[in-house]
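Colleague: Hi! Could you walk me through the charged pairs in this one?
Modeller: Happy to, let me bring it up.

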Amino acid sequence: MKSIIIHAIGKGYRFVYICAVLLLLLCSTAFAQYENNNWAFGNKWGLSFATQPASFLPSQVYAPFRSATVSDANGNLLFYTNGTVVWDQTNNIMPHGDSIIHTNSAIFPDGGEAFIVPDPGNAAQYYVFTGPLLSSYSGSLGNPSPSKIRYSKVDMSLNGGLGDVLPNFKDRVLDSNACPVIAVAGYGMCDKWLVMHLLYSNQFKAYHITASGIDAPVVSTAGDSVKVAYANMKFASNNQRLVLRSDDLQAASFIEAFDFNYQTGVVSNPVMVEPALAGGISAFQDATRPNAIELSSDSKKLYSTVNTDSNFTQKGLIYQYDLSLPTAIDIQNSKTLVGIIDSVREIQLTGQNNIYISTGYYGNNIAAILYPNKEAQACGLVNNYITMPNGDSNFYYSACMANLVPVSHVIYNNSEEYACQYPSQLTAQVPSAGGYIWNTGATTQSININQPGTYWVKSSQTCGAWRIDTFQVHSITAPAPIPDSISCNGQPVKYTLHTPGSITWSDGTHDSVFTATQTGTYWVQTRIGQCTFRDTFRITIYPPSNISLLPADTTICNAAMSATITAGGNFNNYLWNTGATTANIQITQPGKYWVSATTPCGIYSDTMFVHFCPPVITDFTTAKDTICSGSCISFQASFDHNPTQFDWYFAGGNPATITGNQSPLVCYDTAGTFKASLVVSNDFGADTAAFFITVLPKPNPRFRDTIIVTPYKTELNLPACAAAAETDWYDENNNLVCSNCAALNLLAKDWQKNYYCVTRNADCADTCFYKITVTNIPSDAWLPDAFTPNGDGLNDYFHLITDNPNIKVADLAVYDRWGNSLYHSQENTIGWDGTYNGKQAQGGVYFWYLRYWVLGAGGEQKMHTSKGDVTLIR
C-alpha cells in the first residue's frame with residue numbers, strides 16, 4: 001500500500017540565535033549585534049566572545065550567583081554588575097554604583113542575581129534588576145521566606161560616556177514577594193518582559209517593560225504548586241516557551257515547561273518534563289536530581305545538568321530533552337544522556353549559540369556544547385573546553401555565569417529543518433513584524449521551497465528593531481512502503497524494518513521486527529530527524545484447512561425464536577446455502593445450514609443443524625381465585641418460545657372454551673369449584689397450565705331493616721341478617737363495631753342509635769340495618785360532696801359523675817361564700833381543679849350551681865337544675 005507521509009516542516013516556531021557566525025557569511029556584517037559579547041563573572045575574571053573559543057576578560061566582579069554584563073552593538077564593553085555594585089568599562093565603580101541594592105546577606109555579601117534590560121524608551125539607559133540571594137532570605141535555608149526584587153537605572157550618556165547610576169532611580173523595590181527564580185524575555189523585540197516565580201505557590205508574575213516604564217504585573221497560575229527555593233528559570237530564544245527547574249528541599253527536583261504569550265505576558269499549558277522522584281528526597285542529597293537547565297538557540301532542545309554528589313566535586317551528567325515532541329510522555333521518553341564531564345554547576349547559552357557549563361564550586365574548567373541544536377551525542381559536548389585563570393584557591397565564585405541581555409537587533413541562524421517532501425514551507429514567526437525580506441527575494445512571511453539548502457529572512461518591526469532567521473533545510477526520504485501479505489495455515493507474518501530513526505508499530509512496540517498473528521490492517525510510524533512517516537498495510541492470515549467455521553448443532557429457545565449465526569475464519573467472501581454472502585445470517589427456521597469460503601489458500605466449508613424449542617407458559621393467573629356466583633373475571637398468561645396455537649378451557653364458566661392469545665371475561669353463575677386451563681403449542685411441542693376457581697353462593701338475607709324500642713340499659717342480642725362467610729357490624733358513623741361476628745351484643749343506653757350488618761360471600765354482599773330507640777331515660781345527676789386536688793390522680797377534679805350518655809351539661813358554676821364566681825364550664829368531663837386566677841383556693845366549703853339537658857324519645861331535650869355545696873380538702 002502507499003505510504004502516508006506526515007511532514008513536520010515549516011509548522012514550528014522560528015527560533016532566536018545571537019551573533020551567528022554562519023549568517024555573517026551570508027548577509028552584510030552591518031547586521032551584526034554583539035550586546036552579549038562579554039561576560040564578567042566568577043572570581044574577578046570573565047570571557048570575551050570576540051574570539052573563538054572565548055578569551056579571558058579581567059574584571060572586578062566577585063559573584064557567587066549569576067552576574068550581568070552588557071556591551072554596545074559592536075561588542076565593546078559598557079558595564080557589568082554583581083547586583084550590588086556597578087563597574088564601568090574601565091573596571092572602576094560607576095558613580096552612584098556602589099550598594100545599588102541593599103542586602104542583608106551574611107553568607108554572600110558580594111552580589112545578587114543580576115539582570116540588565118535595555119530601556120525601550122531610551123537607547124542610552126539600562127535597567128539593572130537584582131533578585132534576592134538565598135542567604136538574604138528572612139527564613140532559613142530549608143525554609144526560605146519571600147524577599148524583594150529591586151532595580152536601578154544606568155544612563156550611559158553621563159560621565160563622559162562611562163555611565164552613571166541615576167540617584168533618583170536607585171534601589172527601587174519592584175516586588176516584595178519574590179524568590180530567586182527570574183527570567184527576562186525580549187530577544188528581537190522592542191519591549192521586554194521580566195518574569196518571576198513566586199515562593200510557595202504555582203504563580204508567575206510578568207512585568208511588561210515598555211517605553212513608558214514598567215507596567216503592573218500580569219499574574220498567571222500554572223503548573224505544580226511547589227515551594228520554590230533553589231531553582232532556575234530560562235526563556236526559550238523564541239520567547240514563546242518558559243522552562244522552570246525547581247527544588248523544594250523537602251522533595252526532589254523536577255522540571256516543567258510552559259507556554260508564554262508575548263502579547264499578554266500569560267504563562268500557561270504546563271508540561272512535566274522531568275517528574276520529581278518519589279519519597280521526598282532532599283534536593284541536595286539526591287545524586288540524580290536536575291541541577292541547572294538551558295535551552296538550545298532553536299528552542300527545541302532542553303539541557304539539564306546532574307551532579308553525582310551533593311558537593312559538586314564528582315562527575316557531572318548532561319541530559320538532553322526534545323521539547324518539540326507533542327506530549328509530556330514523548331518529551332520524558334526523549335531524555336538522552338549526551339555525555340559525562342567533570343562536576344557541573346551552572347549552564348548558560350552564549351551569544352555565539354554555544355552552551356557553556358561551569359564545572360562546580362572547586363573546578364576552574366568550563367565545558368561546552370558546540371552544537372546544541374543537534375540531537376543527542378551530535379550536540380558536540382566537550383569537556384574542559386576552557387580553563388579559567390586561577391584567581392583563588394577556592395574557585396567557587398566561577399560556578400555561576402552571566403545572564404544574557406535581551407537586545408532588540410538580533411541575528412538568528414542555523415535552525416535545522418527537515419523536509420519530508422517538496423514543496424515545503426518556511427515561516428518567519430515574529431510577533432508584530434512590519435515586513436520580511438528573504439534571500440530568495442520574497443517579501444511574504446512564508447515561502448515555499450523545492451530543494452534543500454540554506455535560507456534566511458530578515459524581519460523588521462515598527463519600532464525599528466529587526467531580526468534574522470536562518471534555516472538549514474535537509475531532505476529526508478521516507479522508508480520503502482511495506483507490502484500487503486497473505487499467510488496460510490494460521491502461520492504468523494513477520495516484518496523487519498531497517499531505518500536510521502525510531503520505529504513505532506500499531507501495537508505500540510518499537511522493535512525493528514514486527515509479528516502479526518491475526519488478520520487486520522496495521523501501520524508503522526518512523527521518525528527520522530524531524531520527519532514522521534506512517535505506512536499502512538494489510539495482513540490476511542488464513543486459518544488451517546480443518547477449522548470449524550460454524551458452531552456445534554444448537555437448539556434455539558429464546559423468546560424471539562431467532563438467532564444470529566456467525567461464520568469464523570475472518571474471510572471476506574462467504575456463501576451460505578440461504579444465498580447470503582455476509583459473515584453472519586439470521587436464523588428463523590430449524591434445519592440444516594452450511595457455509596463456504598473460497599480463498600487463495602483453498603476452499604473452507606462447514607455444516608450445522610438448528611433445532612427450535614417447544615413453547616413454554618411462563619405465567620397463568622387471575623386476579624382472584626375465589627368469587628361470588630354471578631361474577632365475571634379475566635385470566636392472564638405469558639408465553640415464551642413463540643407459541644402459535646392457544647386453547648383456553650373454563651369448566652363451569654361462560655364461555656367454556658376460547659382460542660387466541662388473550663382471554664375475555666369469563667362469568668360463573670353456579671357455586672362450586674371449577675378448573676381453568678390453557679394449552680399452547682407450535683410445530684415443536686406444547687405446554688399446559690391450570691388452576692381452580694372457587695365460586696361461592698350469594699348471601700340470602702332474612703330481613704332488611706329492624707326498628708327496636710327498648711327501656712334504658714336493656715341488653716340486646718342482634719342476629720346477622722343472613723348466613724355468610726363473613727359478617728361485620730358498623731355503627732351509624734361507619735366505625736367497625738365487631739368483625740366477623742354472627743350476632744352483636746350491646747347495652748342500649750343512647751336515646752337513639754343505628755347499627756348495620758354487612759354479610760359477604762367473596763364478591764357478593766348484603767346489608768341490613770337496626771334502628772334502636774331507648775325509653776325511660778333517667779334524669780338524675782350526681783356531683784361529689786368533696787374532692788382533694790393534690791395531684792395524686794384520685795378525686796383531683798370536681799365535675800359531674802354519670803354514665804348516662806344522654807345527659808349534657810349546659811352550665812356548671814362554683815362560688816365562694818361571698819358569691820364570687822371561681823369556676824364556670826359547659827363540659828361533662830372537665831371539672832374544677834381547686835384554683836382561681838392561677839392560684840390554689842383555700843380548703844373549705846364552696847357552692848355550686850348546675851344546669852343540664854336530658855335527651856329523651858324523639859330527640860326531646862329537657863332542662864334540669866341542681867345546686868349544692870362541696871368541700872375542698874387540702
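Modeller: Here is a short chat about salt bridges in this predicted model.

Colleague: How many salt bridges are there?
Modeller: The count comes to 9 salt bridges.

Colleague: Which residue does K205 pair with?
Modeller: K205 pairs with D175, and their closest N and O atoms are 2.7 Å apart. K205 sits in strand β15 (residues 201-210) and D175 in strand β12 (residues 172-178), so the bridge ties together parts that are 30 residues apart in sequence.

Colleague: Are those two buried or exposed?
Modeller: Both K205 and D175 are buried.

Colleague: OK, switching over to D322. What is its partner?
Modeller: D322 forms a salt bridge with R527, with 4.0 Å between the closest N and O atoms. This pair links distant parts of the chain, D322 being in strand β24 (residues 316-322) and R527 in strand β42 (residues 520-528), 205 residues apart.

Colleague: And what is the relative accessible area of D322?
Modeller: D322 has 7%, so it counts as buried, the cut-off being under 20%. R527 is partly exposed, at 23%.

Colleague: How about K713, where does its partner D803 lie?
Modeller: K713 forms a salt bridge with D803, the closest N and O atoms being 2.9 Å apart. D803 lies in the loop between β66 (786-787) and β67 (807-815), while K713 is in the loop between β59 (705-711) and β60 (714-719). The two are 90 residues apart, so here too the bridge links distant parts of the chain.

Colleague: How accessible is K713?
Modeller: K713 is partly exposed, with a relative accessibility of 37%. D803 is partly exposed as well, at 47%.

Note on methods
Residues are numbered from 1 along each chain as its sequence is written. This is a predicted model: local features need pLDDT of at least 70, side-chain atom pairs count only at pLDDT 80 or more; totals for chains, interfaces and linings use all residues. Side-chain values use heavy atoms; hydrogens and water are left out. A salt bridge is a side-chain nitrogen of Lys or Arg within 4 Å of a carboxyl oxygen of Asp or Glu. Helices (H or I, at least four residues) and strands (E, at least two) are DSSP runs, numbered from the N terminus. Buried means under 20% relative accessible area, exposed over 50%, partly exposed in between (1.4 Å probe, protein chains only).
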